[in-house]
Amino acid sequence: MVGDDRVLEVRYKDNVYYEITAEQCAGCSIYGGAGGSVTAALTMSGQRVVVRVAVPWESNNNKPRIRLGKKTGNWISELKCGTWNIRTLYKPGATVELVGEIERYKMKCVALQEVRLEDAGTTKVSQTTIMNGRSERGHKLGTGFAVHESVIHMIKEFKDVNPRISILTLKDKNLHIVLINFYDALEEVFDSTVGNIKIVLGDLNAKIGKEKIYHNVAGTHSLHENSNDNGSRIANFALGKGLIIKSTMFPRKDIYKYTWISPDGRHKNQIDHVLINNRFRNSITKVRTLRGADADSDHLLVDIWIRVKFKKLYRRKLNTIDKYDIEKLEEVNIQKDYNKRICETLKGQQITNTNDVNDVWIKIRNTVQQTAKITLGTKKNRKKPWFNKICEDAVQRRKIAREEWLKDTYSEERTADFRKTEYMFLSRRELPFCQSIKIDHFEFKRVKQFKYLGSFLTEKNNVTIEIAARIQAGNRCYYGLTKLLSSRTISRRMKERLYTSLIRPVVLYGSETWPIRKMDEHKFMIFERKVLRKIYGPVKDEITGEWRRRKNIELEILYSNADIVEVIRNRRLWWAGHAWRSQNPLLHAVMEQNPIGKRPLGRPRMRWEDVVKKDVERLGGCSNWRMLALDREGWKLGCETGWS
């Protein structure tokens with residue numbers, strides 16, 4: 001309140017109001033009031049005056065619930081976890097080096113990928129236990145967890161699903177936390193896992209971009225601008241399963257985002273991620289990479305902080321037997337001293353033949369133990385480590401060299417503006433980006449893309465973003481119908497109708513105008529095969545006798561209808577014939593007229609009309625598709641059966 005020149009309204013005694021300035025409130029006591037007000041109490045002329053000032057504040061009703069540690073009593077502590085692709089533990093000294101790095105950063109639970117140990121088992125090194133699953137032949141793949149002894153009591157189950165997936169279930173005070181160490185196919189394992197908090201973490205090999213369609217599940221703080229194929233799959237998976245990608249939601253410098261570095265140091269990617277249920281999104285408070293951790297891997301250790309209530313561990317005191325250093329008895333002086341002390345002590349006990357046998361035994365036992373403890377002393381268990389000083393020096397020299405190499409590298413900060421759109425340029429050339437333009441007293445903002453009539457339009461007329469958005473919408477519909485598609489009470493034919501009538505139209509909205517490429521066709525086929533595998537279910541292998549998912553050729557045999565790519569081609573040809581026969585002069589102007597000018601450098605992009613020509617030629621038609629389109633019945637018959 002000090003320094004504010006506003007006039008404050010004062011209520012003094014019997015609702016009598018006065019006016020004072022803020023300078024008069026210096027040194028007063030300030031209290032929080034209701035309704036966004038601040039109340040100050042001060043003394044004027046020996047009387048107490050109450051000042052109430054309305055202060056604007058932002059409501060937290062629409063924000064996620066945040067729990068502030070021990071003060072609220074809701075959280076007892078934070079579980080410091082991590083994920084790390086260590087490349088291999090199948091080499092001398094790798095396990096000791098790994099445990100040393102994990103304990104140096106005080107990690108309690110770390111998911112490990114590419115362990116490469118052939119048999120499943122547990123190994124305890126220092127204060128950390130490594131639980132690993134089996135790997136494929138030739139020491140390939142393999143996952144596991146490194147768990148500190150302080151949280152061993154929280155483990156409910158460790159499950160090795162396959163060489164690419166393992167599950168660790170932790171039990172806190174009220175909830176079950178399921179950590180799914182992921183390296184490959186995940187959907188079926190995720191559905192069959194039971195737990196309150198499900199966390200998927202590991203090397204996903206997925207670049208998640210800053211596309212607007214992924215903001216609700218991935219945020220805006222990813223290292224990459226555009227998503228790769230795996231990134232789109234993970235984002236769609238998270239959207240369908242109610243997950244949030246937390247590794248791309250924290251604003252950090254790029255040096256704390258990338259998780260993989262190429263051998264030459266030029267390429268850095270963020271491909272290791274962490275996903276959690278949307279309901280418990282605030283349980284993860286921190287995700288960042290630790291560049292100082294070194295286990296001879298091209299991946300970096302990812303630090304993850306999870307707020308949990310630890311289950312109390314009640315330790316029982318065990319009756320341990322002291323081990324005495326009996327090797328000292330080889331010395332003559334110590335041996336004589338030991339015998340002398342025992343004889344003197346036994347004489348003082350006054351043991352006779354009339355005493356009870358148990359009493360005699362207790363006196364003799366105590367005499368021997370006390371004398372041995374005084375004369376010989378206890379022996380400490382000291383295991384001689386094979387990882388000697390020479391190995392430690394070699395590892396330290398490599399760490400110093402790595403730190404010097406990291407200091408020489410540079411990072412580029414990338415920023416992107418995702419504000420609401422007002423206007424957009426359509427050009428292949430790199431035009432200077434202006435934040436806004438002013439016309440009279442109106443201000444219009446410029447963006448690179450916007451959504452119009454359900455479709456995304458971009459600056460460079462690139463349909464890749466639109467295709468990704470349609471596949472994402474199809475995934476939402478698919479995950480909503482998962483129970484019906486996997487139900488045994490519904491026939492396969494009915495499931496196929498559900499797909500063709502409910503899911504496929506969502507994906508193919510506006511596909512008549514897409515000049516798609518081979519890569520886009522591949523994405524559509526991946527989506528359709530995923531739906532068909534859910535419809536037809538797994539098949540039992542005749543050789544191994546195990547259940548496996550169906551191969552692509554088996555799906556083609558079972559699904560006798562046209563695939564999704566063929567449907568896109570047919571719809572594009574149908575729209576091309578309709579547009580050319582139309583009497584709308586605007587459509588003819590777009591298809592006939594060519595702008596005059598010089599095109600930019602580079603290979604010309606595939607136009608929509610070029611794709612239509614290829615579709616007609618594939619069906620046996622001539623290159624002059626416009627002439628064929630004038631015949632309505634002939635065009636319809638040619639699109640269905642071909643012109644040959």
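Author: Let us begin with exposure: a residue is buried under 20% relative accessible area, exposed over 50%, and partly exposed in between, using a 1.4 Å probe and protein chains only. Cys 391, with a relative accessible area of 27%, is therefore partly exposed. Cys 343 is likewise partly exposed, at 45%. This is a predicted model, in which local features need pLDDT of at least 70 and side-chain atom pairs count only at pLDDT 80 or more, whereas totals for chains, interfaces and linings use all residues. Residues are numbered from 1 along each chain as its sequence is written, and side-chain values use heavy atoms, leaving out hydrogens and water.

Reader: How many disulfides does the structure hold?

Author: A disulfide is a pair of cysteine sulfur atoms within 2.5 Å. The structure holds 0 disulfides.

Reader: How is a pair of aromatic rings described?

Author: One gives the distance of the centres and the angle of the planes. Rings of Phe, Tyr and Trp (its six-membered ring) pair if their centres lie within 6.5 Å; planes under 30 degrees apart count as stacked, over 60 as edge-to-face and the rest as tilted. The search of the whole structure finds 8 aromatic pairs. In one of them, the ring centres of Trp 625 and Trp 635 are 6.3 Å apart and the planes stand at 50 degrees, so this pair is tilted. Helices (H or I, at least four residues) and strands (E, at least two) are DSSP runs, numbered from the N terminus. Trp 625 belongs to helix α16 (residues 625-629) and Trp 635 to helix α17 (residues 632-641), so the pair ties together parts 10 residues apart in sequence.

Reader: Are Trp 625 and Trp 635 buried or exposed?

Author: Both Trp 625 and Trp 635 are buried. Ring pairs also link Trp 580, Trp 625, Trp 635 and Trp 643 into a cluster.

Reader: Which strands form the open sheet, and in what order?

Author: Two strands pair if DSSP finds at least two bridges between them. Here 6 strands form an open sheet with mixed pairing, in the order β11-β12-β13-β14-β18-β15. The edges are β11 (155-162) and β15 (243-245); each has a single partner strand, so one side of each is left without a neighbour in the sheet. Within the sheet, β13 (residues 176-181) and β14 (residues 197-203) pair in the parallel sense over 5 bridges. Asn 181 stands opposite Leu 201 in β14.
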